Amino acid sequence: MSKTLANLKYTKTHEWLEIHNDGTASVGISDHAQDLLGDLVYVEAPEAGRKLTAGNACAVVESVKAASDVYAPVTGVVVAINAALSDSPELINKDPYGEGWIFKIKLANAADANALLDAKAYAEFCAAESH
Amino acid sequence: MLIFEESQPGRVNAAQMSPQNVEAASIPAHLRRKKRTLLPQVSELQAVRHYTRLSQKNFSIDTHFYPLGSCTMKYNPRACNKLAMLPQFLARHPYAPESMGQGFLACMFELQEMLKDVTGMKGVSLTPMAGAQGEFAGVAMIRAYHVARGDVARTEMLVPTAAHGTNPATAVMCGYTVREIPTDSEGDVDLDALRAAVGPQTAGIMLTNPSTLGVFERRIREISAIVHSAGGMLYYDGANLNAILGKARPGDMGFDVIHMNLHKTFSTPHGGGGPGAGPVGVSERLLPYLPIPLVANENGVYRLLNEQDRPQSIGRLSTFMGNAGILLRAYIYARMLGREGMIRVGEFATLNANYLMALLAKGGFELAFPHRRATHEFIITLRSQAKELGVNTMDFAKRLLDYGYHAPTTYFPLLVPECLLIEPTETEPKEVLDAFAATLIAILAEARTQPEKVKGAPHSLPVRRLDDVRAARQLDLVWVPAEPHAAQPTHGK
Amino acid sequence: MPFIPHTPADVADMLATIGAKNIEQLFEEIPAELKQTKLEGVPGRMSEQQITRLMLERAMLDGLPLCFVGAGAYEHHIPAAVWEVTTRGEFYSAYTPYQAEASQGTLQLLYEIQTMMASLTGMDVSNASLYDGASAAAEAVLMAVRANRKSTSKRVLIPRSVHPAYRKTIQAIVANQGIVIEEIGFDIGSGQLTLNLLPENPGDFAALLIAQPNFLGVLEEVDGLTNWAHQHGALVVAVVNPMSLAILTPPGEWGDKGADIVCGEGQPLGIPLSSGGPYFGFCCCKTEFVRQMPGRIVGRTVDLDGKPGFTLTLQAREQHIRRSKATSNICTNQGLLVTAATIYMAIVGDRGLEQTALESHANTRRLASKLAAVGVKVKFESPYFHELTVTLSKPAKQVLERLAQEHIVGGYALASDYPELGNALLVCATETKTDADLDRYCAALAQALS
């Protein structure tokens, strides 16, 4: 059973979002997603400063058997990327909700996050999807 | 050992060098190479031995049964290679005048005509260099047709979920968005979903028939009617043409455009992954858009048709005329089979597949579509073995290598979990199929008694399973000499 | 039947196992009205002896003329061992090395040619080949547009002096993806793409294509062109003849930063002319762009026991995984041809390739002076490798017809692609030409012009 964290918001495309106090949020892919993809070998993150629109593809995570788009959970501007992933993409496999964060985004509208799934709803969504 | 590691500075192959001294080049210094290349410095014997030994590390049709589904690994007759490599054919420059190429062009023209007949199409262009390029040409022609009619609202290409990955990739290369159509539990296209999907935005549908699921699309005429009545075109992916060669023709099924994989159906060599050859055939409506050059017969004189002759053509896809030497091999194969041989191809490919399917079903393997006839290939699924024994499809595939069989296609089509797609082809005798089935059945027994042995396979090949993750994370794509390569000047000046 | 081994007893046994009455029953799922077995357009079968006779007759019809045309495909000597080893069944009849353990021969060979091509071009990495030169150039254009992160433009600048068939192929392949090709001219005096022909304010564009040598045989001042493109945030796509790189500056060393992507026609490396194919295209690039590269790529790794081995890598870019988001729809490479090219480069080696290039250059210089002696002038005074544009006093097409009667393929008539050059002819003399060949050509040409 994959892990979810109660303090995170999730999308149906398997991204997570952690809201910080300064109006920014970290984004990564869920434990369930990293498990499905297998050993990650490459992460293509959006460059800092890029404007993202919720629901649009903005990054790619690549394993030996699949390359998958990461969709922006919310609209906003990229303020930081996780440079460690370029040498160690396996951080996403080891610690998807911690060291495996992919980028930070400054939300255009803080209320956007409310539309996302909470951990419980996401876990139910994953369970339903695998049947 | 790599060829570079066999290299000795200063060793030259004098047999391949003129005995005369060569003058220095009159090229300005800033345009001249300054560092030597990493090309090997070995004797001719070292090179021949090195590559002969490398060849011995390969499985091939000539050495092993190779039931790779969807790839049609049949015998590549030696005569096709030998005759296509006659000195005059090899020496002919693509820009030599047509008067100095009537022999070659006659073969090309006759091949065009034969391919028209076996597919039931109205015109054929031989130039696409592989199946994927044939697909590109086909979809580009569909687009050109709609655009020429001012019908620019058609932006969507329909692709069944079972399709080869090239189909959606090609549609995107041609500027279309892809809409996937589901497949029903018996392996046919879901007609209700198709009816709901078509409309004024539909450019066409890309289909393989028999489909990648190894079954014949029984309601092909209904599909044709649905797509045509919406104004779309039908594209035939010729990947599985071997199944129906001589039995049925895509043109009669209502297809507007088709590509053929001559390296499958017409037995040209796979060559370790190419070259292919992907000629395209079209119905009347698409004739003006065929890629150039085409070969014309003008009162017994053969001529290449170019931009001036074919102003509406989608254009050129290669510098000259595609993989000409491969087309020659296909021509020779077609003439050797002749009408009577070609009619038998689909029949015996189908007989072999159905026989092997029956043996494996009796041996305890689960068929993906037990109620259907096999075409030239069929699918077994190892989902129960994977679940109960922890031995998956990849393990079975690797264990087959130990027994001297190339593995069937694994994990394709994506719709069937833990699958093997098996295509024996018509050129294999019954004894080989019997022995192969017995081996797979024996591996099934091993999976129960010694699962670790199967999971650790192969054990008898030059290498064991390779670390794909390391290959992708720590990219090592070119050899780098241990010591930085000495920057010697090219000439001793 | 040819290549079908079944005896009547086999067929009967197999049908009994299947539980079918006859083979026809196996096709019961095909609607009856779709079945047809006439194939009237296919002639009756021929035995191997009969087809051998036919093909010999057809080959004799085409003859073995003396060849002075290049224009993208070049006659070079191919050591006998190259195709002897290449057509061993283990190379000839193997498929794409998906089962790495059963394909180490092909995989190691591909790793070796990747190394050779990267070294020749001065690039970091190479793929395992594309279809041919023109389609490789088209793929390189698409790749450059994807790879250029500084530019959002889909404009690509292509000089008119790039091979006309390459320009047409690029147009046909990229046209449906919103890519805009802008043509830039060449200096009519030098045949070069001179800096003054480049726009002062080019605006945002993704890439500049530079052919070295260009189609007119002329060597470009590549350093200035490369720097100009980089100054404007564009990538440089080099289109090169790999044979020439034995003596010319590799694209990786052009200008201050080197070209970014290098592609071209691999045919000069051991592939026969064969009416235009099969050849192979190559594509090399800087490491930072490797994930945008189309086609197969082989990597070295280790097996479960830590033993070195080779496998296809970066496959997630490809169509069979990425489907509609793949970098290209390409599945195959030109495996058999790169097998030949690898063996060719190993056999001739570093010195042999250099000598072949130098001899070709020297022969072309000799041709130029012999042509001058019969009154035929070289059009441009710029440096060249082994191909030249010459000006004739009569239409080149007409002259070529006369030469054909003498069993000479005399060159490539430039008038239809470059009307501004008048009666111009593109000629090439590789290392295969002797002094006697050059004299015969010049005499025949003088005769045709008289």
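## Strand β2 of chain B

In this predicted model, strand β2 of chain B, spanning residues 156-160, is mostly covered, with 5 of its 5 residues buried. The burial extends to both faces of the strand: E156(B), L158(B) and P160(B) lie on one side, M157(B) and V159(B) lie on the other, and all of them are buried. In a regular strand the side chains alternate between the two faces of the sheet.

Two parallel partners can be described for β2(B). Strand β3 of chain B, residues 177-181, is joined to β2(B) by 5 bridges and runs parallel to it, and within this pairing V159(B) has E180(B) as its bridge partner. Strand β4 of chain B, residues 202-208, is likewise parallel to β2(B), to which 3 bridges join it; here M157(B) stands opposite G204(B).

Together with helix α6 of chain B, residues 166-173, the strands β2(B) and β3(B) make a right-handed β-α-β unit.

## Contact between chains B and C

In the model, 172 residues of chain B are in contact with 166 residues of chain C. On the side of chain C that touches chain B, helix α10 of chain C (residues 335-373) gives the most, contributing 21 residues. The residues on this side of chain C comprise 84 nonpolar, 53 polar and 29 charged.

## Confidence in chain B

The average pLDDT of chain B is 95, and 98% of its residues score at least 70. Over residues 487-493 of chain B, however, the pLDDT is below 50, although this stretch has 11 contacts in the model beyond near neighbours in sequence. Where pLDDT is low, the predicted coordinates should not be read in detail.

How values were computed. Residues are numbered from 1 along each chain as its sequence is written. Chains are lettered from A and ligands numbered from 1 in the order in which they are written. This is a predicted model: local features need pLDDT of at least 70, side-chain atom pairs count only at pLDDT 80 or more; totals for chains, interfaces and linings use all residues. pLDDT is the predictor's confidence in each residue, from 0 to 100. Two residues are in contact if their C-beta atoms, placed from the backbone, lie within 7 Å. A residue is buried if 20 or more other C-beta atoms lie within 10 Å of its own, exposed if 12 or fewer, and partly exposed in between; C-beta atoms are placed from the backbone. Helices (H or I, at least four residues) and strands (E, at least two) are DSSP runs, numbered from the N terminus. Two strands pair if DSSP finds at least two bridges between them. A crossover is right-handed if, with the strands pointing away from the viewer, the path from the first strand over the helix to the second runs clockwise. Ala, Val, Leu, Ile, Met, Phe, Trp, Tyr, Cys and Pro count as nonpolar, Asp, Glu, Lys and Arg as charged, and the others, Gly among them, as polar.
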